[in-house]
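Subject: Handover of a structure with findings

Dear colleague,

Please find the structure below, passed on to you for your own work. My findings follow it, grouped by topic.

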Amino acid sequence: MAEVTSTGGTAGPAPEQGDKPIGRRAVLGILGLGGLGIAFGEHVQNGISDLLKPLRGTGLAGLVPGGGNFTLYTVTNGFPSPPPTYKLTVNGMVERPLQLSVRDLEALPATRLTHDFQCVTGWVVDDVHWTGVRLTELAKSAGAHPSATVFHFSSFDGVYTETLTADQADQSGAIVAYSMLGGPVSKGHGGPVRLYVPGMFGYKSIKWLSTITLTSVVEEGYWEQNGYPVDAWANGHGPSAA
Amino acid sequence: MASPTTHRSVVPLPEQERPGLLNRFDRVERAVHWTNAVLFAVLVVTGAALYFAPLTAIVGRRELVERTHLYAGLALPVPLILALSGSWGQALRRDIRRFNRWSRDDRRWLRAVIRPAADRRQVFARVRVGKFNAGQKANAAFTAGAGLVMLASGAILRWYRPFPLSVRAGATFVHNWLALGFVIVVLGHVLMALADRQALKSMLFGRISRAWARHHAPAWLDELSEEERAPAEQTGR
């Protein structure tokens with residue numbers, strides 16, 4: 001940097017024989033490494049995550065990046081608390097609107113999944129255990145109208161909304177989850193009940209789920225209004241074309 | 001083992017070496033340093049609140065934390081750019097040139113760091129270090145390079161839409177790990193400063209004793225011309 005600007009008269013560091021611009025080389029080297037890291041870091045991080053797998057849950061792994069950490073997002077301030085008598089509402093174009101407590105959900109046929117959670121910003125947590133009720137099963141038991149081709153979701157935080165077509169729900173095998181990571185869904189992860197859409201970016205898996213409305217029109221959810229794609233397959237095309 | 005000269009002891013001064021204080025950092029340099037320090041602290045605190053789930057749960061207010069982190073990060077290069085954009089940045093520019101150039105002695109000094117303590121002391125006593133030693137030069141280079149990488153990877157995370165998922169994952173990887181490294185390096189910097197109160201005070205008030213310079217930066221002392229020497233002042237430090 002600025003090797004040419006010599007200020008007249010004042011004694012600067014006199015360049016001596018053997019002086020090398022190592023500072024600049026070091027800076028450029030770090031920039032190069034940073035660029036390589038951005039380009040190929042995904043593979044390195046995957047390797048590190050695999051190495052850390054045996055340590056998962058020991059608290060040690062939680063201290064370093066890739067040790068199975070979620071980054072917890074909220075769209076409001078803090079994690080919202082569920083109403084004292086939590087009920088999941090299923091309504092809209094259905095024969096029998098439902099009001100289901102967590103216990104009611106647990107009594108329905110359960111689906112267990114082990115699947116990664118991929119955030120749209122790049123981080124991923126592998127092999128997360130999920131338990132819940134298939135969305136298509138819920139629609140069936142509510143007696144969904146044949147023309148009800150869209151699910152609309154809202155959260156009891158009052159802001160977060162999401163949307164999923166019946167086709168996407170079917171292809172992904174999306175579940176209404178009441179268990180995650182081997183226990184009830186925690187407050188930070190969107191408990192007591194959240195959505196999980198395998199194969200789609202995490203923002204689709206709405207947290208603090210309170211209402212599922214069956215409609216026939218796709219209405220953009222919270223993140224989609226903020227510019228994310230409605231069609232959120234992480235691989236770009238969904239499982240059918242894989 | 002007989003150690004060579006212990007520089008801490010008071011040695012009789014040659015005629016021309018009046019006791020007095022030298023200007024080590026000028027107002028602009030100190031302002032940049034402390035603005036950076038505050039911004040860095042904000043970045044660490046907000047970054048931790050965004051990253052560690054238990055902290056996220058306690059702090060909440062993600063939107064506010066996120067925005068604070070973003071603006072602090074974008075603001076980080078601003079003091080340096082402002083300082084370098086005018087004649088007031090003369091001292092800073094000169095120090096940056098000093099950071100850039102590594103003398104033979106600097107390289108010897110750095111190689112000695114990994115040697116056993118006795119060897120190291122011997123090398124340190126022999127080499128003539130300038131205003132900054134090789135450790136400080138390495139720290140400066142790391143801070144500049146890693147700061148830019150953090151800025152770039154952070155910008156990708158914030159404005160990720162044009163980037164493919166693998167690049168976002170790579171940016172996440174770089175940003176997370178380098179943040180960890182950065183915190184460790186800065187922690188080391190802070191500990192070293194706390195271990196050398198004179199050096200710390202010179203970053204606060206600008207001046208440092210000639211005795212300190214003779215011990216830590218002999219080549220710098222040689223380099224200073226008469227008119228640059230700070231007038232002896234009893235009020236300093």
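How many residues does the largest nonpolar core have, and which of them have the most contacts inside it? Please note before the reply that this is a predicted model. The largest nonpolar core has 56 residues, and Leu135(A), Val176(A) and Ile212(A) are those with the most contacts inside it. Strand β7 of chain A, residues 175–180, supplies the largest share of this core, namely 5 residues. As general background, nonpolar side chains tend to be buried together in soluble globular proteins.

Backbone geometry in chain A

- Pro192(A) is found in the loop between β8 (183–184) and β9 (194–196) of chain A.
- Asp127(A) is not a glycine, yet its phi is positive, near 50°. Asp127(A) has its place in strand β4 of chain A, residues 124–134, and counts as partly exposed because its relative accessibility is 43%.
- Trp208(A), also not a glycine, has a positive phi of about 50°. Trp208(A) lies in the loop between β9 and β10 (209–215) of chain A, and it counts as buried because its relative accessibility is 0%.

One further residue of chain A is Gln225(A), which lies in helix α5, residues 222–225. Gln225(A) is exposed, with a relative accessible area of 56%. Between the C-alpha atoms of Gln225(A) and Lys20(A) there are 54 Å, and the two residues are 205 residues apart along the chain.

Chain B

Chain B has 12 helices and 2 strands, which follow one another along the sequence as β-α-α-α-α-α-α-α-α-α-α-β-α-α. Of the 237 residues in chain B, 40% are buried. Among the contacts in chain B with a separation of 6 or more, 69% join residues 24 or more positions apart.

Helix α6(B) has five named residues that deserve a look: Asp105(B), Asp106(B), Arg107(B), Trp109(B) and Ala112(B) are its buried residues. They pack against α7 (117–126) and α8 of chain B, and also against α1 (22–52) of chain A.

Glu223(B) lies in helix α12 of chain B, residues 218–223. Is Glu223(B) buried or exposed? Glu223(B) counts as buried because its relative accessibility is 19%, and the cut-off for buried is under 20%. The side chains of Glu223(B) and Arg98(B) are joined by a polar contact of 2.4 Å.

The interface between the chains

On the side of chain B, 50 residues are in contact with 56 residues of chain A. The two chains bury about 4,500 Å² between them, with 62% of that area on carbon and sulfur atoms. Within chain B, the residues that lose the most area to chain A are Arg62(B), Asn100(B) and Arg101(B), which together account for 15% of what that side buries.

The count of salt bridges between chain B and chain A is 1. The side chains of Asp19(A) and Arg101(B) meet in a salt bridge, at 3.7 Å from N to O. Elements that give two or more residues to the side of chain B that touches chain A include α1 (27–51), α3 (62–75), α6 (104–113) and α9 (165–195) of chain B. Of the elements on that side, α9(B) gives the most, with 13 residues. By residue class, the side of chain B that touches chain A divides into 25 nonpolar, 12 polar and 13 charged residues.

With kind regards

How values were computed. Residues numbered from 1 in each chain as written. Chains lettered and ligands numbered in written order. Predicted model: local features only at pLDDT ≥ 70, side-chain atom pairs only at ≥ 80, totals over all residues. Heavy atoms only, no water. Contact = heavy atoms within 4.5 Å. Buried area = accessible area lost by both parts, 1.4 Å probe. Salt bridge = Lys/Arg side-chain N within 4 Å of Asp/Glu carboxyl O. Helix = DSSP H or I, 4+ residues; strand = E, 2+ residues; numbered from the N terminus. Nonpolar A, V, L, I, M, F, W, Y, C, P; charged D, E, K, R; others polar. Buried < 20%, exposed > 50% of the residue type's maximum accessible area, 1.4 Å probe, protein only. Polar contact = N/O pair within 3.5 Å; in protein donor to acceptor, adjacent residues only side chain to side chain. Core = buried A, V, L, I, M, F, W, Y, C linked by side-chain atoms within 4.5 Å.
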